[in-house]
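I opened this model to look up its fold, its charge pairs and a few backbone angles. My entries follow in the order I made them.

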Amino acid sequence: LKREGFILHLYAGGKEGFTLQRAFKQVGGDEGMMLEVDEKRGSGHDMLSDSQVYPSLLRAALEGKLKAILGGPNCRTRSVLRHFPVEGNPDAPRPVREWGGGEFGKAGLTPKEEAQVRDDDLLLWRMIYLYMGAHYMAQARGLPKVHFALEQPASPHSYMPETVSFWDTEEWKQVKEEFQLEETTFEQKSLGGPATKPTTIGGSLKIDVEDHRWRRGRSYEKVSSSKDLARWPPGLMHMIATALQEQVLHQDVQLKALSWQEHIAFNHIPYRRDC
């Protein structure tokens, strides 16, 4: 990693199940080129800490070692579900952000709510700041372009305009303009996700959500809470892995065969004739 640099996947979840690193390996990528970070993998992975992994990643960015940065920071304090009262549960999560000055925390929050807003914003902006540093250093040193992909729920502006979606903030619009980033919006269910979950990815990676190789999967998992939707569905994992292999490493995709058990576990993605 020190010699050649690496792809950084933040907030990757635990090591169990179908990870992006495994999807990257399946499309022919070198899984050793990807570093996945999440507090579920140990205290050293805590991106909220000023003494754990974040300082090391900052140094990697300044040394031009980050080839791409991608991830989906916690979005609990921006959830549209906070605007729907839960009958019989007055203590259900309520809106903690509002337009007109409260985009990063409205007035009258409890200490717990303030901490949630602060932590969510730290995770989001530390990811963006790593990209900014890596981008400017690569530009100054004449290194290859650093790619970026930020995943968050799609803006519900058309049906719930009071929700403070990050995509509608002036801060994102300025970042988008400065680095010439693009947005791609899709529904996760069509990619093997257990729920519809409209999603947007903003960045420089070109994600082909119409690639039919990854749109045949269907999940039969039961969703009991929003935590069940935290990990990206297999189809999205494969799309991002393909984009990394082709656009970051500039190598051809070479799909590796899965065992039958793996194929079932990955929601039958990609499609196989012997299903």
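I call a residue buried under 20% relative accessible area, exposed over 50%, and partly exposed in between (1.4 Å probe, protein chains only). This is a predicted model: I take local features only at pLDDT of at least 70 and side-chain atom pairs only at pLDDT 80 or more, while totals for chains, interfaces and linings use all residues. I number residues from 1 along each chain as its sequence is written, and side-chain values use heavy atoms, with hydrogens and water left out.

**Entry: fold**

I looked up the elements. Helices (H or I, at least four residues) and strands (E, at least two) are DSSP runs, numbered from the N terminus. The protein chain has six helices and six strands. I read their order from the N terminus as β-α-β-α-β-α-β-α-β-β-α-α. The chain has 275 residues, and 45% of them count as buried.

**Entry: helix 3**

I checked the span of helix 3, residues 111-141. Its 31 residues reach 44 Å from first C-alpha to last, close to the 45 Å expected at 1.5 Å a residue. The expected span is 1.5 Å times one less than the number of residues. Glycine 142 follows helix 3, with a positive phi near 70 degrees.

**Entry: salt bridges**

I searched the whole structure for salt bridges and found eleven. The criterion is a side-chain nitrogen of Lys or Arg within 4 Å of a carboxyl oxygen of Asp or Glu.

Lysine 25 pairs with glutamate 31, closest N and O atoms 3.6 Å apart. Lysine 25 is partly exposed at 40%, and glutamate 31 is partly exposed at 30%.

Arginine 59 pairs with glutamate 63, and here the closest N and O atoms are 2.8 Å apart. Arginine 59 is exposed because its relative accessible area is 58%. Glutamate 63, at 33%, counts as partly exposed.

Arginine 76 forms a salt bridge with aspartate 120, at 2.9 Å between the closest N and O atoms. Arginine 76 sits in the loop between strand 3 (66-71) and helix 3, and aspartate 120 in helix 3, so the pair ties together parts that are 44 residues apart in sequence. Is aspartate 120 buried or exposed? It is buried, at 3% relative accessibility. Arginine 76 is partly exposed, at 32%.

**Entry: positive phi**

Which phi does tyrosine 11 have? I found a value near 55 degrees, positive in a residue other than glycine. Tyrosine 11 lies in the loop between strand 1 (6-10) and helix 1 (20-26). It counts as buried because its relative accessibility is 17%. Tyrosine 11 and methionine 47 are 36 residues apart in sequence and 8.7 Å apart in space, C-alpha to C-alpha.

Histidine 250 also has a positive phi, near 55 degrees. Its place is the loop between helix 5 (234-248) and helix 6 (260-265). Histidine 250 counts as exposed, at 62%.

**Entry: charge patch**

I found Glu170, Glu171, Glu177 and Glu178 gathered in a patch of negative charge on the surface. Patch residues have over 30% relative accessible area and no salt bridge, and like charges are joined within 9 Å. Glutamate 170 belongs to helix 4 (residues 170-179). Glutamate 170 counts as partly exposed, at 47% relative accessibility.

Definitions and conventions: Patches are made of residues with over 30% relative accessible area and no salt bridge: like charges are joined within 9 Å, nonpolar side chains (Val, Leu, Ile, Met, Phe, Trp, Tyr) within 5 Å. Accessible areas come from the Shrake-Rupley method with a 1.4 Å probe; for residues, only the protein chains shown count as cover. Lys and Arg count as positive and Asp and Glu as negative; His and the chain ends are not counted. The place of a charge is taken as NZ of Lys, CZ of Arg, CG of Asp or CD of Glu.
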